[in-house]
Amino acid sequence: MATSMHRWAACFAIGVFSLGVTARGQGPTSDIKNPFLNAADPFVTRVSGQYLLLATHGNSITIWSGASLGSLSSNPKLMWKPSDDLVQIWSPTLWHMDGSWWIYFTAEHPGGKHAVYALQSNTDDPLGAYTFRGQLSLGRPAIDPSVLRINGKNYLMYVEVDGGANSVWITELAGPTTPAGPNRKLIYPDQPWERGDGTSHNYPVAEGPTALYHAGKTFIVYSGSDTGTYVYCLGLLTYRGTGDPTQAQNWKKSGPVFSYRAANGVYAPGRGTFTTSPDGGQDWIVYHAKATNTYTYADRSLRAQPFTWKPDGDPDFGVPVPVGALPSK
């Protein structure tokens, strides 16, 4: 299992990014149905030919695994369950760094603040046992941890909460649990589509950042607007190619790039994560969405569909496909 990745500078996650292929190919399965799992906040990666999926699902960390996306729901494994002093286990992500697998996740002490925590694998098997490594010191309440690799360095992206807006922050990592700083605000939700435009729920939200790479370009895909609204959507940050990636001026914001589709019965599509078909011939987005335009945080479920690329190298996610049989492109 990824035994050749043993140095921090060279060890990045295997997967949640596009492999940069655009050819038509075999889909993850010919009979996958949307939605394929009742959960939220998906994160998917591929290891040794197996898809590994993590998501917000109960107050614990579970990994679903299988040879296809369609097979994941039938093969869950409970990886870790907290003691009574941690609640609201959210948004787990999985990375191979410094010779171990690491799971970052959000949790809260009862009556306390949200924070980012880490688990470290005891072996090089991502489905083996893990040890709790505690809270990362980020200097503010935080959720939605994820990793960006750029210019040979690893950065932790996370979302500040309780600060008047959900904003994406970033800090360089000196090691898996050691933020090197400085911590900088990277995405502030200043656009109408990040502020619930057209609804009465206008709290500014930029959250769920995920790195995406293609043809030499680096992107951050993130979610905008209140999760409970039907206008929850995906936005895109594009690295300008030079300069400090922790500085907002070195990125270009655009969006929304993936929005609700009332005609297809899909509302609040967000929390995008990325993988490929088994043969590497298609790029796929996995996301959560709802089947109602009612304001609610409940009833989110996981969906998947292929996507393509524009002539300029930017992603073209299309529109959310309807519930039911998932066609291949």
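Tyr 267 is buried, with a relative accessible area of 13%, where buried means under 20%, exposed over 50% and partly exposed in between (1.4 Å probe, protein chains only). The model is predicted, so local features need pLDDT of at least 70 and side-chain atom pairs count only at pLDDT 80 or more, while totals for chains, interfaces and linings use all residues. Residues are numbered from 1 along each chain as its sequence is written, and side-chain values use heavy atoms, with hydrogens and water left out.

Aromatic pairs were assigned to rings of Phe, Tyr and Trp (its six-membered ring) with centres within 6.5 Å; planes under 30 degrees apart count as stacked, over 60 as edge-to-face and the rest as tilted. By this rule there are 18 aromatic pairs. One of them is the stacked pair of Phe 105 and Tyr 117, with 5.9 Å between centres and 25° between planes. Phe 105 lies in strand S7 and Tyr 117 in strand S8, twelve residues apart; strands (E, at least two residues) and helices (H or I, at least four) are DSSP runs numbered from the N terminus. Both Phe 105 and Tyr 117 are buried. The rings of Tyr 230 and Tyr 267 are edge-to-face, because their planes stand at 85°, with centres 6.5 Å apart. Tyr 230 is in the loop between strand S16 (217–224) and strand S17 (233–239) and Tyr 267 is in strand S19, so this pair ties together parts 37 residues apart in sequence. Tyr 230 is partly exposed, at 23% relative accessibility. One aromatic cluster is formed by Phe 219, Phe 258, Phe 274, Tyr 287, Phe 307, Trp 309 and Phe 317.

Two arginines were found over ring faces, the criterion being NZ of Lys or CZ of Arg within 6 Å of the ring centre and within 35 degrees of the ring normal. Arg 46 lies over Tyr 51 at 4.8 Å from the ring centre, and Arg 140 over Trp 169 at 3.6 Å.

The structure contains eight salt bridges, each a side-chain nitrogen of Lys or Arg within 4 Å of a carboxyl oxygen of Asp or Glu. Asp 41 and Arg 271 form one of these, with the closest N and O atoms 2.9 Å apart. The partners are 230 residues apart, Asp 41 in strand S2 (residues 40–47) and Arg 271 in strand S19 (residues 267–276). Asp 41 is buried at 7% relative accessible area, as is Arg 271 at 8%. Asp 41, Asp 144 and Arg 271 are linked in a salt-bridge network.

Ser 91, in strand S6 (residues 87–97), is buried at 2% relative accessibility. The side chain of Ser 91 makes polar contacts with those of Asp 144, at 2.8 Å, and Arg 271, at 3.3 Å. A polar contact is a pair of N or O atoms within 3.5 Å; within protein, one must be able to donate a hydrogen and the other to accept it, and residues adjacent in sequence count only if both atoms are side-chain atoms.

Lys 253 and Glu 194 meet in another salt bridge (3.0 Å, N to O). Lys 253 is in strand S18 (residues 251–258) and Glu 194 in the loop between strand S14 (184–187) and strand S15 (206–214), 59 residues apart in sequence. Lys 253 is partly exposed at 27%, whereas Glu 194 is buried at 0%.
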